[in-house]
Amino acid sequence: MGFELFGLPMIYYIAMIVKVLVVFVFVLLTVAYATYAERKIIGHMQVRLGPMRTGWHGLLQPIADGIKLFFKEEIVPSQSDKFAFLLAPIIALIPAFIGFAVIPFGDTIEVMGYKIPLQIAAFYDTAAGKVVDLNVGVLYILALASVGVYGIVLAGWASNSKYSLLGGLRSSAQMISYELAAGLAIISVFMMSESLSLQKIVADQAGFGWYAFKQPLAFILFFICSIAEINRTPFDLPEAETELVSGFCTEYSSMKYAMFFMAEYANMVTVCAVTTTLFLGGWHGPGFLPGWVWFIAKVYFLIFVCMWIRATYPRYRYDQLMRLGWKVFLPLTLLNIVVTGLIAR
Amino acid sequence: MLGAYLPIIFLVVIAAVFGFASLCFSSLIGQKKPSEVKLAPYECGCEPVGSARERFSVKFYIIAMLFILFDIEAVFLYPWAIIYKKLGMFGVMEMAVFIVILFVGYIYVWKKGALEWE
């Protein structure tokens, strides 16, 4: 293959750049159209039409919203900590968009005799003859979820507004509580797959051996905890409009607000992708469609479920939320680990 | 292993560039008409009373501490979960004892009322 850098052929770098750009644009577009889908789906569920004016059935609405937000006035409150105030949206945005790196979204494809796994953080080791991916893939995702909390705490604190501070505190307490339960819920999956590498976990689920069937409790707990962790209804306490105005992003405007918004939706896409990978067999599916089509279909279905839940359930109260996380989910996850340990050997 | 980490670094760079660029672009083209009232912290249209940098409920602090304790437990469980089939019954029993000890602590925290929010 001629030219090499760090012992990797040139085509590896080309494949890397193409994969990263394609996935980044895909997540960005999904985020944009998830906002549209959410308004449309909830609209129809409430017997309304949702956006109709911009383009055919409002299809250009996300683009119009984006352009509008670019032109909005940027307000930095006089009492705020300016540097932290500007930094917070970026700290929230980056982890939300890079979580996708470890998720395998398809089978290995072959381009010019070089095999390329459809996963960003992976490559085909020609000498060993197998796909090498990040062997701590799941830890990477959990770590990013923790980093995301910093952006929200920082936003709440730096704004120097009472609503922001309370929203930021509530949000961070909620996120770390459910992060714990989510992190414990997926341990039973690793006990069965004996690996943290997502390639291996997906490979184990070939032929409908989905972990959602083998670990139904872990699947349900993880999905609910994830919804709570990304602050979506019925756990959208940080943005409880009726009591906290807009929570941690009360003082934010224009693109800085949009970045929190994008981070929230990107987190939703990532969480749905992780759930698909860990429990719903990843890109595996009946052979008449390529793997990545199945992957996208499963992820979009889970996103639809998130919206469906939002349209169906009212918001939790804060004490109920903390009780559910600490007094119900935490013991259940520990119980699930012990039972799996005794049965699945 | 470098081959698996390089793309992540590249993705971080792309995400950071996207974030900074859209922030700069919007602050360049957005209108700017600041006024004293506009830059004051939002308090439902009333004049802000006092500072936001005040004391808040100690509950949040307790939750943060409990999170660290139980998260360390989770960290111990991860490597165990990977090799527990190799460890056999010995590994299961060891981890059962570990979880039971932690569960005693958890019950203590519950009975002390650290998880109450009313």
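Which residues make a nonpolar surface patch of about 620 Å²? The patch is made by Leu335(A), Val338(A), Val339(A), Leu342(A), Ile343(A), Met89(B) and Met93(B).

## Basis of the model

This is a predicted model, in which local features need pLDDT of at least 70, side-chain atom pairs count only at pLDDT 80 or more, and totals for chains, interfaces and linings use all residues. Residues are numbered from 1 along each chain as its sequence is written, chains are lettered from A and ligands numbered from 1 in the order in which they are written, and side-chain values use heavy atoms, with hydrogens and water left out.

## The nonpolar patch

Patch residues have over 30% relative accessible area and no salt bridge; nonpolar side chains (Val, Leu, Ile, Met, Phe, Trp, Tyr) are joined within 5 Å, and like charges within 9 Å. Accessible areas come from the Shrake-Rupley method with a 1.4 Å probe, and for residues only the protein chains shown count as cover.

Two helices, α13 (318-343) of chain A and α3 (89-112) of chain B, each supply at least two residues of the patch. Helices (H or I, at least four residues) and strands (E, at least two) are DSSP runs, numbered from the N terminus. With 5 residues, α13(A) gives the most; Leu335(A) lies in this helix.

## Aromatic rings

Over all chains the structure holds 27 aromatic pairs. Rings of Phe, Tyr and Trp (its six-membered ring) pair if their centres lie within 6.5 Å; planes under 30 degrees apart count as stacked, over 60 as edge-to-face and the rest as tilted. The rings of Phe97(A) and Phe18(B) are a tilted pair, because their centres are 6.2 Å apart and their planes at 55°. Phe97(A) is in helix α3 (residues 82-98) of chain A and Phe18(B) in helix α1 (residues 2-29) of chain B, so the pair joins two chains. Phe97(A) is buried at 2% relative accessibility, and Phe18(B) is partly exposed at 23%. Buried means under 20% relative accessible area, exposed over 50%, and partly exposed in between (1.4 Å probe, protein chains only).

Trp210(A) and Phe213(A) have ring centres 5.6 Å apart and planes at 5°, so this pair is stacked. Trp210(A) is buried at 14% relative accessibility, whereas Phe213(A) is exposed at 55%. Elsewhere, ring pairs link Trp326(A), Phe70(B), Phe103(B), Tyr106(B) and Trp110(B) into a cluster.

## Salt bridges

The structure holds 7 salt bridges over all chains, each a side-chain nitrogen of Lys or Arg within 4 Å of a carboxyl oxygen of Asp or Glu. One of them pairs Glu38(A) with Arg310(A), the closest N and O atoms being 3.2 Å apart. Glu38(A) is in helix α1 of chain A and Arg310(A) in helix α12 (residues 291-312) of chain A, 272 residues apart, so the pair links distant parts of the chain. Glu38(A) is buried at 3% relative accessible area, while Arg310(A) is partly exposed at 38%.

Another salt bridge joins Glu116(B) and Lys327(A), with the closest N and O atoms 2.6 Å apart. This pair crosses between chains, from the segment after α3 of chain B to helix α13 of chain A. Glu116(B) is partly exposed at 30%, and Lys327(A) is buried at 13%. Salt bridges that share partners also join Glu38(A), Arg232(A) and Arg310(A) into one network.
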